[in-house]
Amino acid sequence: MKKSLLSAAIALTLSANVAYAADLLFTPGEDNRFSWSSYDALKSVDLSGETVSVFEPWMGDEKANFERVIAYFEKATGAKVNYAGSDSFEQQIVIDTQAGSAPNVSIFPQPGLAADLAAKGLLTPLSDDVKKSVVKDYAAGQSWADLATFDNGKGKKEFYGVFYRADLKSLVWYSPDNFDDAGYDVPETMEETQSADRRNCCGWRHALVYWSRFRCSNRLACDRLG
């Protein structure tokens with residue numbers, strides 16, 4: 001429930017595509033440049049006295065901007081959000097989940113890390129209603145839902161997250177000379193690339209981005225080896 005509501009608040013504020021001030025400089029409902037329907041829906045949910053803990057990797061200006069997002073959620077619902085950011089998020093979230101002290105909501109920069117924790121039974125899946133909203137409201141919604149669907153601790157696929165910020169880190173890089181030297185054909189599809197990766201688990205890494213990095217971080221082609 002809390003996770004669903006927070007996701008709605010995030011989606012509302014980011015859809016406006018501005019940086020809000022913590023004191024709500026853009027008064028809800030009074031600026032027709034923005035859609036306030038999600039905010040109005042949140043107002044019908046009374047979370048007075050409830051506390052939601054949020055942990056994520058942002059610091060500095062990004063942290064300040066996200067706190068402005070949270071202010072709208074708190075205003076609409078009456079909830080109190082305890083928010084913390086860390087530049088050691090990837091290490092700390094593993095420690096916290098294993099210790100049973102995880103926050104209500106975590107913002108993963110690496111979906112692959114979320115998948116690892118889900119497979120260990122350390123994450124709570126979101127409801128089917130949230131998944132249906134993603135499929136309905138997002139462009140290519142089913143693809144986004146699939147990217148946030150992981151195996152749980154029992155090997156069953158469940159839906160764990162809502163993407164609300166995605167960046168193209170880089171395109172696929174390869175060295176033509178390395179391909180020629182190794183006698184590799186350049187793959188033209190994802191399937192061909194994955195097949196070639198399996199066939200050439202060692203030398204392939206020096207010719208193309210090591211694709212299993214994508215499975216670890218979902219940051220496509222962030223690192224180039226060789």
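Tutor: What follows begins with the sheet, moves on to the helices and side chains, and ends with the chain as a whole.

This is a predicted model, in which local features need pLDDT of at least 70, side-chain atom pairs count only at pLDDT 80 or more, and totals for chains, interfaces and linings use all residues. Residues are numbered from 1 along each chain as its sequence is written, and side-chain values use heavy atoms, with hydrogens and water left out.

Helices (H or I, at least four residues) and strands (E, at least two) are DSSP runs, numbered from the N terminus, and two strands pair if DSSP finds at least two bridges between them. Three strands form an open sheet here, in the order S2-S1-S3, with parallel pairing. Strand S2 (80-85) and strand S3 (105-106) stand at the edges with a single partner strand each, so one side of each has no neighbour in the sheet. Strand S1, which covers residues 51-56, pairs with S3 in the parallel sense over two bridges, and in this pairing Phe55 stands opposite Ser106 of S3.

Helix H3 (residues 60-77) packs on the sheet, where it touches S1 and S2, and its direction makes about 165° with that of S2. Such angles run from 0 to 180 degrees between N-to-C directions, with axes as lines fitted to C-alpha atoms, for helices over the stretch in contact. Helix H4 (residues 89-99) lies across S1 and S3, running at about 135° to S1.

The side chain of Thr77 reaches the backbone nitrogen of Ala79 at 3.1 Å. Leaving aside neighbours within four places in sequence, Thr77 is in contact (heavy atoms within 4.5 Å) with Leu42, Val45, Asp46, Leu47 and Ser48.

In helix H4 the residue to look at is Gln98, which counts as exposed because its relative accessibility is 53%. The C-alpha atoms of Gln98 and Leu122 are separated by 7.1 Å, although these residues are 24 residues apart along the chain.

The next part to look at is a group of aromatic rings. Phe26, Phe34, Trp36, Tyr39 and Tyr72 form one aromatic cluster. Rings of Phe, Tyr and Trp (its six-membered ring) pair if their centres lie within 6.5 Å, and planes under 30 degrees apart count as stacked, over 60 as edge-to-face and the rest as tilted; by this rule the count comes to 11 aromatic pairs. The rings of Phe34 and Trp36 have centres 5.9 Å apart and planes at 80°, so this pair is edge-to-face. The rings of Trp36 and Tyr39, with centres 6.0 Å apart and planes at 80°, are likewise edge-to-face. Phe34 counts as buried because its relative accessibility is 11%, Trp36 counts as buried at 7%, and Tyr39 is buried as well.

Asp31 is found in the loop between helix H1 (2-16) and helix H2 (37-43). With a relative accessible area of 16%, Asp31 is buried, and, not counting residues up to four places away in sequence, Asp31 touches Phe26 and Trp36.

Most residues other than glycine have a negative phi. Ala140, however, has a positive phi of about 55° although it is not a glycine. Its place is in the loop between helix H6 (128-137) and helix H7 (141-147), and Ala140 counts as exposed at 53% relative accessibility.

To place these parts within the whole, the chain has 10 helices and five strands, and buried residues make up 34% of its 226 residues. Of the contacts in the chain with a separation of 6 or more, 64% are between residues 24 or more positions apart. The chain exposes about 13200 Å², of which carbon and sulfur atoms supply 48%; accessible areas come from the Shrake-Rupley method with a 1.4 Å probe, and for residues only the protein chains shown count as cover.

Conventions
Buried < 20%, exposed > 50% of the residue type's maximum accessible area, 1.4 Å probe, protein only. Polar contact = N/O pair within 3.5 Å; in protein donor to acceptor, adjacent residues only side chain to side chain.
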